[in-house]
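The report below looks at the pockets and then at the nonpolar cores.

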Amino acid sequence: MTRDANAEPEIRPFTARELSAHTAFARNRLNRHSERREIESELAALRVDPRTRVFLIVGDAPLLKTEGGSERARFTFAQAAEIGQEQESAYLGTLDDTPLFALLFPETATEAFSGRGDVAPVGLRAIAAEGLLPADELGPLGEAKALMDWHRRHRFCANCGAPTVTFTGGFRRDCPSCEAQHFPRVDPVVIMLVTDGDRCLLGRQPRFAPGMYSALAGFVEQGETVEDAVRREVMEEAGVPVGTVRYLASQPWPFPSSLMIGCVARALATTIVVDRLELEDARWFTREEARLMLADGHPDGLTAPRPMAIAHHLLRAFVEAEGDIV
C-alpha cells in the first residue's frame, strides 16, 4: 500500500505486552511535532485552526465539561477566552490529526464560570481513578497538567532571579537578563517490589487509605543508577539488603512531574527494620495474600493500590508469575 506523503506519521501504539501501557497516564499517542515548536508562524496558524482544541489547567486542576464523553477535557480557543487571559500556553502536538494545546489559568479564573454548572475543575487523580476520560485522552491531559505546573512554578530564573519568557512552543523558558535557558523537568522515582521467593515486601505510609500496602518508592539522587537507588531506598526504609534488580515498567506520574521507574528486586536478607519517618509499617506478604489484596478479599481487610498506579501492576506481575520474577 502506498502511503500518502501528506498524511500524519503513524505513532506506533503501546502493545499489550508492555506492562507500562496498563498504567494511568502512560498511553500517550501524541505526535509531538517538536520541529514545529520554534516556528512562531505555524503555532499562530494552529491557534486559529478550527480543528485545534485546548486543555485548560486552572491552578493545578484540569477543567472538565460536565458532559461530552471523550471531549470533556477539550475546549476551543474561543471557549478558553471566555474564562479570561491565559497565563501560559504550550503546543502539545496532534492526536488523530487534532492539534492540541495546553493553557494555564490562575485559580481565580474559577470566578468566570462559578455559576455556569457546565464546567468545573476536577483533580487529575480523581479523573484517573474514576475513569472520567478514555486512556488515550488521559496521557496527553497528564502531560498538559505537568507542563503547566512547571510553568507555574518556574516564572523566574533560577540563575539570577529575573522573570523568564516562554519559548519553543512552551517547552523552554529563557532569561532575558542572564541568557540562561530552562527546560521542563522530570523527576525520576524508583518504585520496587522486593521479593523473597514466594513472598514480597510491601509497606504503608500514614497518608495511605486504611489497610492499604504498596511497593516501596523513592527519588533517584544525583550520581545514582536506577539499581543503586532501589538498593538504597529499600535499605533506608525497611533495612533489607537487596541484590539483583530488574526493570519491569514505567509510568508518567504528573504530581507534579515524576517518572515512576518500576523494578523488581531480590532480597538478600529478610529481617525488616522500619524507618518510622518514612513508613508506618512494612511486612512480607505471601503470593496468595497479595492475590487476595488485589481482589479486595484479604481476611484482614488489607488492600493494594488500584490499577491506575504502577504499584498495582508490579504486584500483579508477581502474583501471576509461575516462579521467581527477578
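By class, 21 nonpolar, 7 polar and 10 charged residues make up the lining of the largest pocket, where Ala, Val, Leu, Ile, Met, Phe, Trp, Tyr, Cys and Pro count as nonpolar, Asp, Glu, Lys and Arg as charged, and the others, Gly among them, as polar. This is a predicted model, in which local features need pLDDT of at least 70 and side-chain atom pairs count only at pLDDT 80 or more, while totals for chains, interfaces and linings use all residues. Residues are numbered from 1 along each chain as its sequence is written, and side-chain values use heavy atoms, with hydrogens and water left out.

A pocket is an open set of points on a 1 Å grid over the protein atoms alone, where a 1.4 Å probe fits, with protein on both sides within 12 Å along at least five of seven lines, and its lining residues have an atom within 4 Å of a point.

| Largest | about 940 Å³ | 21 nonpolar, 7 polar, 10 charged residues |

Of the 21 residues that line the second largest pocket, Arg32, Glu143, Ala146, Val186 and Pro252 are the closest to its centre. The helix α4 (135-153) gives the most to this lining, with 6 residues (helices are DSSP runs of H or I, at least four residues, numbered from the N terminus).

The largest nonpolar core has 53 residues, among which Phe25, Leu92, Ile127, Leu141, Leu193, Leu202 and Leu315 touch the most other members; such a core joins buried (under 20% relative accessible area, 1.4 Å probe, protein chains only) Ala, Val, Leu, Ile, Met, Phe, Trp, Tyr and Cys residues through side-chain atoms within 4.5 Å. A second, separate core of 20 residues includes Met192, Val230, Leu279 and Ala282.

Definitions and conventions
Grid points are joined across faces, edges and corners, and a volume is the space filled by probe spheres set on the points. Helices (H or I, at least four residues) and strands (E, at least two) are DSSP runs, numbered from the N terminus. Buried means under 20% relative accessible area, exposed over 50%, partly exposed in between (1.4 Å probe, protein chains only).
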